[in-house]
Amino acid sequence: MPQEYIHPEVEATIQRLSPEVKGQAPEAQQDIVKSALRERITRVQNFPASGIAPATSNAPVSTRPSVLPAYAGQSSAGQQLIVEQLVDLALHQGLEKAVTAATKQDAIILDMFHDALTGKLYQLMHERKLI
């Protein structure tokens with residue numbers, strides 16, 4: 001099965017974090033990934049926003065597995081869709097563009113994006129047997 005396209009910046013992040021994560025307990029592995037993303041979000045917060053169109057609750061529902069954290073079910077469908085769009089933006093157009101867009105959203109969306117992207121990068125490392 002061919003591997004999906006992942007932006008080179010995200011690939012580099014995965015490759016850079018894999019040795020740090022390998023051999024750690026699962027909770028520590030996710031904390032390492034989350035901390036690295038937190039640093040990236042903090043660095044980018046003052047850049048100008050890129051456009052993420054506001055999501056509407058009547059948007060089509062995705063049939064692919066969700067990357068959203070478990071608590072996202074308490075958020076609106078529009079908020080969930082924005083987070084999924086941000087994760088997709090990160091994977092295909094780069095972390096900087098997605099983080100820049102995410103920092104211009106509500107705090108709950110930024111938090112869900114951070115957690116969802118952490119989970120997605122962690123999942124990709126597992127799928128590739130890097131950890």
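Me: Which residue with a positive phi follows α5?
Reply: This is a predicted model, with local features needing pLDDT of at least 70 and side-chain atom pairs pLDDT 80 or more, while totals for chains, interfaces and linings use all residues. Numbering starts from 1 along each chain as its sequence is written, and side-chain values use heavy atoms, without hydrogens or water. Helices are DSSP runs (H or I, at least four residues; strands are E, at least two), numbered from the N terminus. With phi near 60 degrees, the residue after α5 is Lys129.

Me: Is α4 roughly parallel or antiparallel to α5?
Reply: The axes of α4 (residues 95–102) and α5 (residues 107–127) come within 9 Å and cross at roughly 150 degrees. Angles under 35 degrees count as roughly parallel, over 145 as roughly antiparallel, 65 to 115 as roughly perpendicular and the rest as oblique. The crossing therefore makes α4, relative to α5, roughly antiparallel.

Me: Is Lys120 buried or exposed?
Reply: Lys120 sits in α5 and is in contact (heavy atoms within 4.5 Å) with Glu4, Val67, Val87 and Leu91, leaving aside neighbours within four places in sequence. Buried means under 20% relative accessible area, exposed over 50%, and partly exposed in between (1.4 Å probe, protein chains only). At 11% relative accessibility, Lys120 counts as buried.

Note on methods
Axes fitted to C-alpha atoms, helices over the stretch in contact; angles between N-to-C directions.
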